[in-house]
Amino acid sequence: MFGDYSLGDLGSIFVMQGFAGLILFSVYVLMALGLAIIFGQMGVINMAHGEFMILGAYVTWMTSNFFQAYLPSLFSGYFFLAMILAFVASGALGMLVEWVLIRHLYKRPLDTLLATWGLSLMLQQAYRSVFGAREVGVELPQWMLGSLHVTDSIEVPINGVFVMCLTVLITIGVAYVMYKSRWGRQVRAVVQNRIMAGAVGINTEKVDRYTFGLGCGIAGVAGSAFTMIGSTGPTSGQLYIVDTFLVVVFGGAASLIGTIASAFSISQTQSTLEFFMSGSMAKVLTLLAVVGILMLRPQGLFALKVRK
């Protein structure tokens, strides 16, 4: 299998494969952070999470087209505005969905699963009606194209480096909001003991709405980043919802650190196995390994003790 390659070539290929795993890790973290907040902190099984992500991707696509048509001189910086608009659009829709639908279904996880699954079908049809059934691609600024030459035989794509840096910044921001801010303390208080949190004056309904909106907004930013690695279509979000739930459950539903550790473990395992076998077989073996570990440790890698 490796007879045609020198030891140096194999090392370069393995390093580039590891970097591809880091890009996959970054995408998994971006997708899973929002779901970890919604599922882990609120106990809501949001099957429409992928559609909130795709909304962010469509917002990025529309922003790209707008800058190309009307502000071509500022096109190189449109992506930063697109990410902000994607966060606002997905977050606002998430808060609306929480107010109209989700707030009536707390403590009924199976009902939230069915309701959000129906919502995902509605959003898919809405995207199909508004944007068409064909997939669309985003035109990236010139500075995002190409690769960085680390060595003569190792190149890393610039957009992959951008996704990783974006993931680091968003993860740090979420960690600060959840663990250092006053609102984050209120969220954790509601998670640990909702009745007592309400008794000391915390508006639990407002916390729920903003938490759901934050999770959906992060999904929108993930969709914005997704446009750099794939095309966008009405059903693109469904391709990643299973992987995203797997990352959250494997890491521990209410653990930010667990989500990051889970995404890194799954992405690097899958990427390393792809070095030796086909991508589909690598994914199957990775999923089997995760399922086996969850059978031994169903609470995930990191578990948070919650008072009922």
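**Reading helices and cavities**

Tutor: Searching the whole structure turns up four cavities of 30 Å³ or more. The model is predicted, so local features need pLDDT of at least 70 and side-chain atom pairs count only at pLDDT 80 or more, while totals for chains, interfaces and linings use all residues. Residues are numbered from 1 along each chain as its sequence is written, and side-chain values use heavy atoms, leaving out hydrogens and water.

Student: How do I read a cavity, and what lines the second largest cavity?

Tutor: Rolling a probe the size of a water molecule over the atoms shows where empty space is left. Here, a cavity is a set of points, on a 1 Å grid over the protein atoms alone, where a 1.4 Å probe fits but cannot get out; lining residues have an atom within 4 Å of a point. The second largest cavity holds about 40 Å³, and its lining is Gln41, Met42, Val187, Val190, Val191, Arg194, Val207, Asp208 and Thr211. Helices H1 (7-42), H6 (182-192) and H8 (204-226) each give two or more residues to that lining.

Student: Is threonine 259 buried or exposed?

Tutor: Buried means under 20% relative accessible area, exposed over 50%, partly exposed in between (1.4 Å probe, protein chains only). Threonine 259 has 0%, so it's buried. This residue is found in helix H10 (residues 256-274).

Key
On a 1 Å grid over the protein atoms alone, a cavity is a set of points where a 1.4 Å probe fits but cannot get out, and a pocket is an open set with protein on both sides within 12 Å along at least five of seven lines; lining residues have an atom within 4 Å of a point. Grid points are joined across faces, edges and corners, and a volume is the space filled by probe spheres set on the points. Helices (H or I, at least four residues) and strands (E, at least two) are DSSP runs, numbered from the N terminus.
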